[in-house]
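This report walks through a two-chain model, part by part. Please keep the sequence and the structure in view while reading.

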Amino acid sequence: MDNHPVGLTIRNVSKTYPNGVEALNNISLDIPPGMYGLLGPNGAGKSTLMRTLATLQEPDEGQLFLGDIDMVNQKDAVRQTLGYLPQEFGVYPKATAESLLDYFAVLKGITSRAARKETTEVLLKQTNLWDKRKQKLGGYSGGMRQRFGVAVALLGNPRLLIVDEPTAGLDPAERVRFLNLLSELGEASVVILSTHIVDDVSELCTNMAIINQGQILLEAQPLSAVAALKGHIWRKLTDKQDLHALKQAHPVISAKLLSGRTLAHVYNPEMPGNGFELVEPNLEDVYFSTMAGHIGNQKREIAR
Amino acid sequence: MKLWKIFRFEFTYLVQRITTWLYGAVLLLFTLVMNLLISPGDGIYANNTFHITAITVIGGLIWLVIGAAIAGEAAARDVKMRMHPLTFTTPVTKRDYLGGRFLAAFAVNAILILSLPLGVLLSFYVPGLDGEALLPFRPWAYLSVYFLIALPNTFIATALQFGLAALSRQVMASYLASLLLALVAQVFAVATAKLFGNWDLVKLVDPVGVAGIIGSDLATWTASEKNTRLVTLDGLFLWNRVLWLSVAIGTLVLTYVRFKLATVVTDSWWSRFIWRTNVQDKTAAEPAVAKATGIRVPSVQRTFGVATYLRQTLRIAWISFTKLARHPVGLTGVGAIALVSAIFGYRIMTQFDIPMLPVTRQVLAYLTPPVGNLSTPWGIIPLMIIYFMGELVWQERDAGFSDLADAAPVPEWVFLTGKFLGLGLILIAWLVLMMAGGIAMQLGLDYDGLEIGLYLQTLFGLQLIDYLLFALLALVVHVVVNQKQIGHLVMLLVFSLMAFPSLFRVEHRLLIFGADPGWWYSDMRGFGPTLGPWLWFKVYWIAWTLLLAVGAGLLWARGREQRLKERLKVAQRRFSRSTAWITLLALGLILSLGSFIFYNTNVLNEYQSSADLAERKAEYERRYGQYRNTPQPQLKAIKLHVDIYPERQHVKIRAAYTLVNTSTLPIDSIHVGSVSGIAFSEVTFNRPAAAVRIDNELIHHIYALKQPLRPGDSLQLNFIVHYQQHGFGNSSTNTLVVKNGTYFTNYDLMPAIGYQPYRELTDAVIRKTYKLAARPVIPSLYDREARKKPASTDQATFEAIVSTVKGEVAVAPGVLLRTWTAGDRRYVHFKTDTSIGGEYAILSGKYRVQEKEWNGVSIRMYYHPDHALNIDRMLQSVKASMAYYTEQFGPYPYRHFTVIERAGNGGGASADASIIYYGEQYSLMNPDDGPDGFDLPYYILAHEVAHQWWGLSRLTPANVEGGGVLIEGLAVYSGMQVLEKAYGERHLRRYLTYLHSSYELPRSLASASLLQANEDFLYYRKGGLALYALSKYLGKEEVNGALGSLLQKHHSGALPLPTTLDLYQEIQQVTPDSLNYLLNDLFKKNMYWRLKTEKLAVAQTKAGQWQVTMNVQAQKVLIDSIGTEHEMPMNDWLEVGLYEKGADKPLYLQMHCIQSGKQTINVTVPRKPDRGGIDPNFLMIDLRLDDNMVQLEEE
């Protein structure tokens, strides 16, 4: 197997569930090697897309290619190079971390006993589970279990790593470690990270897409997207009772509490008026602007 | 009112689920199908109580699976769905939470089970089903079944299922409760009843009712009772309900006490059932230091290919095996049964309650029932296979990491094979446990002739294949159905089809999954020719399972696409080139092997379904019934030249029959017909005759004689019979001519003269379907025409020259005139002194021979060299019997007598004139012949020797009702006397208890009188008991004299033929008038006595004697043909006995005249008695023997 990094191509993928929910609607993406962030609110279709990439689901329409592998029709080939960390998963509560990881190593095709021993040892150490390797997984905390999942996903140097909401259960230290790891992996493979935490993407990803209601709203590089937004985001500190009026008057993209008052961000290419202050935009502003329809593929009629 | 809210929510949730409705539909469908399949017996209406009850109870077994799903969901769904952190933290009390959930589950289950009686009711009125006459609608028949049986069962089962699921926090644990209940019903109850010989225990212990209600009380109901009686709550049934309802309530209380509205912290779910302080899990907090070093993921070599897939398969197999092995019943279930078997080996290794040598073959017969056999403890294995296969198929999904596993680079077939092998490993573990249990059983019984090779061959060669086939079917069903509960249900239906194929009218084994023609193993024959056909069938079924496995691989649910439509789409893609090849291979194998088997079963051999067989019998009667009364000559001499080729399963018989016209009319045609369907050929007569009808279909030939055979004249008939086993048949592999085990009778191969009434259909209902005139199964005692016909008219002398291979010895009845060897064949020449009737058998095997003589009779004993245990005992019995019967009833008619072991696993013995055959199992009986023992083998041989006087060629009763009493009843009575003479009263008493014990078995009390006896039970049991009672009342000499007189007055085959009326008359001759009532009660009536001693009190008189007072109660009832009891006035002479402590000899034994009702008996005896009462020797037919006597009450 050559280690030449290959990209992922998604063409016109749609998926509608039997209950009528349109999870993916004609999605096309080009994902180059490296870290790719998939950002979107809950229920946006992220997990459906991730599961489709992880060969667990099939699209109703459209194609997916990993390099020249047809991901729908050549699932075996995809799985041989896939690492997948689902959003939630269980374990055999009676099994120890070491034995179950070893089991997965076999499933992933690491047949040499020595190689398996080495790999599992390194992974358990790296995920900080080495001391707990003899402990039954039933007694693991959420974070430990998540780290165990990470170890499983990393088995066998995957060229395609799908991580679905990975940082949700990790403590800050773990999160840092995990993100660092991902960025290193991103040098040689496609790593797709789905999250609703904007910081995850901004810290790591060279490319990203924002997805909502089954559609790609924005496909961009975080840095350039932020740069493009420069001069468009304004902020204003206001009182809670005035927020409604503010929303009526201006395209507020986000509002959060700050020391008892409300800090509103407003999208406007020009100075919206008095009391507004230009801010240096960040990825969060990109996200909210996209969600609000100011930028991206689906610019809506902006309600005035 | 939170309880009510919870109840309503849960109830609505369950009712809204589509599966709940599906379950109801399954139950309804079951009742409809059963109504179609079951035809009520004579005089019973379709909608009788028995049918309603039976269907409800048996349907309840199916419901046990359904109910487990409902109750388990209600109890543990929150935990399963991980919703419990939300629900448990709401301000709900344990009482409301558990109460509401349980009541909802119970309500849904109660409604579901209502569909059983309701379905039964509907099934009678579905238009177009049948036009059978129905009883008027009786609401109570349905209501009583529902409220007394179904609803309490539902409560009990739901409580156990709910409790187990709630405490273990696992939905599936409820299935364990179902399995327990079904086990208790089927296995535990029946096993305890068998072990302790008390059938009442079944009624008490069985919670479900299959054995306790259906197989017990209701089975004994008469036709009219089935039509009219209702199920009532009384007796043991009441106690059963009380017992199990308390168990249910206890379980609920335990559940309430032990359940915690909290998150589980221990990982052992057993710990939730036992009292223990919870141990906080050691999940130490970790230092929250941001070690921001990156991870270096090691680079490893990964390989994909067949070698990797095999390794993955093995790994999956191992992890599956360890999961099952760690399951609470994974190894313990089978292990416990094996252990109990080893402990109770002395009860299991018995034949007719007599200990047997636990030879390996015998132990294996116990260990290897057919997969579909539910009546042994091993019946749980297929049930566990179904359950565990479901667990394995759902292993990843239940644990929640199916996403991880499904995304791994593992082909579907690896998962499939791995799980299958995992179950295979647990099966091997079970078989190892069974083997250990079997060996422990043998060693525990001080037997050390272990045949490990035979164990391995049988358990791991034959039985394992059967279980594996079944396991693979379970795997495929679970994969395809893709819903665990419904998968279990479908498998149970498939299993019932396998277990009771005849119920579904499927008979050909090519159509019953996993079926084979059966195999057997005997010490003499080994496996014989059974393994070949067995293997052909198994390979055929393996081909099927291969095809099924391909289907399962294609439909294997992977990822999130779980619906059938999506899976079918995926299947198309999975259908690769190699899949196509395997499918083609499997199909090719199925077709070629199927054709080959079909060629064997239906072309080389004649395949007859039971319908074909009935049609054949009906056709025989239609075509030839007109000759029923046509005079035919009597068979007077049989001369045979028999050549046996055991290796080739071939025998050639050249026969010459001498036929004599014993009638008063000339005979112009001879009918020759084969009973067994074996053709005969080259028929010639020694006078001009022409074939007028050659019916090769029913094998009945009619020859017209040119010159009629005048009365007294004779003719000779020659023919040849060729028998060659070609290939194999559909049912049990033919065993007439086998290496070291040839045994065939005249009925198996030889034609008979004249129309044979026993080739007719006898079952009244079937006769009606074939539009044949109604006829009694046995002609009436008062049918004067029938009284002129014996069972067989043949009275022939017999002579045979038999050849067989050099290593074997051939045997036939008669005196051995000569033996010689020619070429590689060994010849024997046998000839009988006089007529032997018409029944005989010819055998060949590697026998050892012992020759003895008794009063000019040469006794030859042939036996398998390893089976010498009982030879001396048998010889003693033969000599003692000969002597006793000669003295009592008259001389033995031959100068030769043969006793020979018959290859095959029968435990009994049978007799023809001058010869007795016994099965291999008989030779293993190892009775205790000490004073407290019971030498049954000795008795059995005495019984068979008695047939040389009663039946066969001596006393030949008319073939009418009661005929069997003259043959079997008299042989039982005679055998008892020989036993008593040799071993004394204690052995005899054991035998009497054995005769009485069958009265205790569940059976209807309504039966014919002895005079008109029509079933084995009356012939053997009541016949023997009645004659024994008479011998005690009238004196043994008087009764024996009467029997001797009966024998002298009737010559073999000569008219008038003896009947029970003649027996009655002879005994009446020696009966004083005062006891005429007793003869009448025993022979002419179906009378039962209820005798009971209530109290025994003593007082010492001044003279030092003891004044005894007994309060007794007596009743005599007549039970008519429909089971109604009529109390009869009593004025009967009954024995009253008093016994000293530890003594057998009575202190006092006198006849007293006893009236109906309560009375007091006063007796004075010289010493102090310890126990006493009426009828201490059990001379009367009394269903309760244990209350005849009481112990003295100590002041």
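Two strands are said to pair if DSSP finds at least two bridges between them. Helices (H or I, at least four residues) and strands (E, at least two) are themselves DSSP runs, numbered from the N terminus. The model is predicted, and local features need pLDDT of at least 70, side-chain atom pairs count only at pLDDT 80 or more, and totals for chains, interfaces and linings use all residues. Residues are numbered from 1 along each chain as its sequence is written, while chains are lettered from A and ligands numbered from 1 in the order in which they are written.

**Chain B as a whole**

Chain B holds 35 helices and 29 strands. Along the principal axes, its C-alpha atoms fill a box of roughly 115 × 90 × 65 Å. The radius of gyration is taken over C-alpha atoms, and the globule rule is 2.2 Å times the number of residues to the power 0.38. For the 1195 residues of chain B, a compact globule would have a radius near 32 Å, and the 35 Å of chain B agrees with that.

A residue is buried if 20 or more other C-beta atoms lie within 10 Å of its own, exposed if 12 or fewer, and partly exposed in between, with C-beta atoms placed from the backbone. Of the 1195 residues in chain B, 45% are buried. Two residues are in contact if their C-beta atoms, placed from the backbone, lie within 7 Å. Among the contacts in chain B with a separation of 6 or more, 75% are between residues 24 or more positions apart.

**Strands of chain B**

Strands β10, β16 and β13 of chain B form an open sheet in the order β10-β16-β13, with antiparallel pairing. β10 (742–745) and β13 (809–811) of chain B stand at the edges with a single partner strand each, so one side of each has no neighbour in the sheet. From one strand to the next, the twist averages 10°; for such angles, axes are lines fitted to C-alpha atoms, for helices over the stretch in contact, and angles run from 0 to 180 degrees between N-to-C directions.

| Strand pair | Bridges | Partner residues |
|---|---|---|
| β13(B) and β16(B) (841–845) | three bridges | V811(B) and L843(B) |
| β7(B) (689–695) and β8(B) (700–709) | six bridges | I694(B) and H701(B) |
| β5(B) (667–674) and β8(B) | six bridges | H671(B) and I702(B) |

β7(B) and β8(B) make a hairpin with four residues between the strands, where I699(B) takes a positive phi near 55°.

**The contact between the chains**

How many residues does each chain bring to the contact? Chain B brings 41 residues and chain A brings 50 residues. On the chain B side, α12 (306–326) and α18 (402–406) each supply at least two residues. The largest share, seven residues, comes from α12(B). By class, the side of chain B that touches chain A has 20 nonpolar, nine polar and twelve charged residues. In this count Ala, Val, Leu, Ile, Met, Phe, Trp, Tyr, Cys and Pro are nonpolar, Asp, Glu, Lys and Arg are charged, and the others, Gly among them, are polar.

**Chain A**

Chain A is assigned domain 1 (8–220) and domain 2 (226–292), with bounds that come from an automatic or database domain assignment. Taken over C-alpha atoms, the centres of these two domains of chain A are 34 Å apart. Eight residues from domain 1 of chain A and six residues from domain 2 of chain A make up the contact. On the domain 1 side, α7 (198–204), β9 (207–212) and β10 (215–220) of chain A each supply at least two residues. α7(A) gives the most, with three residues. That side of domain 1 divides into six nonpolar, two polar and no charged residues.

Four strands of chain A form an open antiparallel sheet in the order β2-β1-β4-β5. The edges are β2 (22–31) and β5 (69–70) of chain A, each with a single partner strand, so one side of each lacks a neighbour in the sheet. Helix α1 (residues 46–53) of chain A packs on this sheet, touching β1 (8–16), β2 and β4 of chain A, and its direction makes about 60° with that of β2(A). Two bridges join β4 (residues 61–66) of chain A to β5(A), and F65(A) has D70(A) as its bridge partner.

Beyond its neighbours within four places in sequence, R147(A) is in contact with T127(A), N128(A), L129(A) and E174(A).
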